[in-house]
Amino acid sequence: MAGFNVQERLGMEDLKRGIWKALLAEFLGNLLLNYYGCASCIAWTKDTPESVTPENEHVENPRANHVLVALTFGLVIMAIVQSIGHVSGAHVNPAVTCAMLITGNIAIIKGFLYIIAQCIGSLAGTAVLKAFTPNGTQGKLGATELGEDVLPIQGFGVEFMLGFVLVIVVFGVCDANRPEFKGFAPLVIGLTITLGHLAALSYTGSSMNPARTLGSAVVSGIWSDHWVYWLGPILGGCSAGLLYKYVLSAAPVETTTEYSPVQLKRLDKKKEEDGMP
C-alpha cells in the first residue's frame with residue numbers, strides 16, 4: 001500500500017531509541033496506581049452487623065466512603081501523569097494504549113510492550129500492597145467485581161462508558177493544536193478518574209483500566225466476569241479515540257500577520273504620539 005511503511009508502523013526503530021526507559025515508567029506508574037489506589041479499598045475496621053445495609057453489602061468495605069476511594073485513584077493518577085508523562089506519555093492503562101494504537105499515535109511493538117509493562121506493574125503494586133497489609137485486613141485487595149444484581153452485559157456497558165470518557169479527555173488535553181491545556185493535563189485526567197469512580201463504584205468497582213483489574217485479580221484470585229474489565233474499557237477507549245481524531249480534534253492554528261483590534265489601537269495611538277496621520 002502506497003505511503004504505508006511496515007517497519008515504521010511496527011516501530012522497529014523504537015527498540016533502538018531507549019524504549020526501556022518508557023517501559024520502566026509505565027511499570028512504575030501502574031505499580032503506584034495499584035498500590036495507592038487499592039490501598040484506599042482496604043477495610044481497617046471490622047464491620048458490625050449494623051453497618052451493613054442492602055445498599056452496601058456487596059461492597060468490599062461498606063465503611064469506605066466512595067469519595068475517599070475516588071479521590072485516591074484520581075490523585076494518584078494526577079501524580080503519575082505529572083511525574084512520568086514526559087517519559088512515556090503516562091498511558092498507565094491498556095485502554096489508552098489501544099486507543100493510541102488504533103489512531104496511529106503509537107507504533108504496534110511499542111504499544112504491545114507498554115501493555116505488558118502496565119500489567120506487570122499492576123501485579124507488582126497489588127503484591128506490594130498485600131505484603132504491607134496485615135493478613136486479617138487484606139480482604140479482596142481492591143479487586144473489582146460487579147455490584148449486586150448488575151448483569152455482565154450491564155457491567156460491560158458501564159466500563160465501556162468509563163473507558164470512553166477517560167480516553168476522550170486524554171485525547172482532548174493532549175491535542176497538539178490545543179497547547180493551552182497541556183499544563184492542566186495531570187489535573188484534568190485525575191479528575192476524570194475521580195468522576196468515573198464516583199459514578200460507577202457501586203456498578204463495577206469502576207476499573208476503567210484492564211491492567212489495574214488484572215493485578216488485583218491475580219493476587220486476590222478473584223476472576224469473576226473478568227472479560228468485562230478488558231473489553232469494556234478497551235472498546236470504549238478505542239471508540240473515543242477514533243471519534244476524537246476524525247471528528248472532534250482541534251483544527252491547526254493558522255499563523256497570521258494581521259493586527260488584532262488591540263494591536264491596531266496601540267499602533268494608532270503611537271502614530272498620534274509621533275505626529276503621524
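A crossing is called left-handed if the near helix is turned anticlockwise from the far one by less than a right angle, and right-handed if clockwise. The model is predicted, with local features requiring pLDDT of at least 70 and side-chain atom pairs pLDDT 80 or more, while totals for chains, interfaces and linings use all residues. Residues are numbered from 1 along each chain as its sequence is written, and side-chain values use heavy atoms, without hydrogens and water.

Helices are DSSP runs (H or I, at least four residues) numbered from the N terminus. Helix α5 (residues 108-132) passes helix α8 (residues 210-220) in a right-handed crossing. Their axes, lines fitted to C-alpha atoms over the stretch in contact, come within 8 Å and cross at roughly 45 degrees. Contact (heavy atoms within 4.5 Å) involves residues including Ser122 and Leu123 of α5 and Leu214 and Val218 of α8.

The largest nonpolar core has 40 residues. Such a core is a set of buried Ala, Val, Leu, Ile, Met, Phe, Trp, Tyr and Cys residues joined through side-chain atoms within 4.5 Å, where buried means under 20% relative accessible area with a 1.4 Å probe, protein chains only. Leu33, Leu166 and Ile189 have the most contacts inside this core, and α6 gives the most to it, with nine residues. Not counting residues up to four places away in sequence, Ile189 touches Ile77, Val81, Leu166, Val170 and Val173. A second, separate core of eight residues includes Cys98, Ala211, Leu214 and Ile234.

Methods. Axes fitted to C-alpha atoms, helices over the stretch in contact; angles between N-to-C directions. Helix = DSSP H or I, 4+ residues; strand = E, 2+ residues; numbered from the N terminus. Buried < 20%, exposed > 50% of the residue type's maximum accessible area, 1.4 Å probe, protein only.
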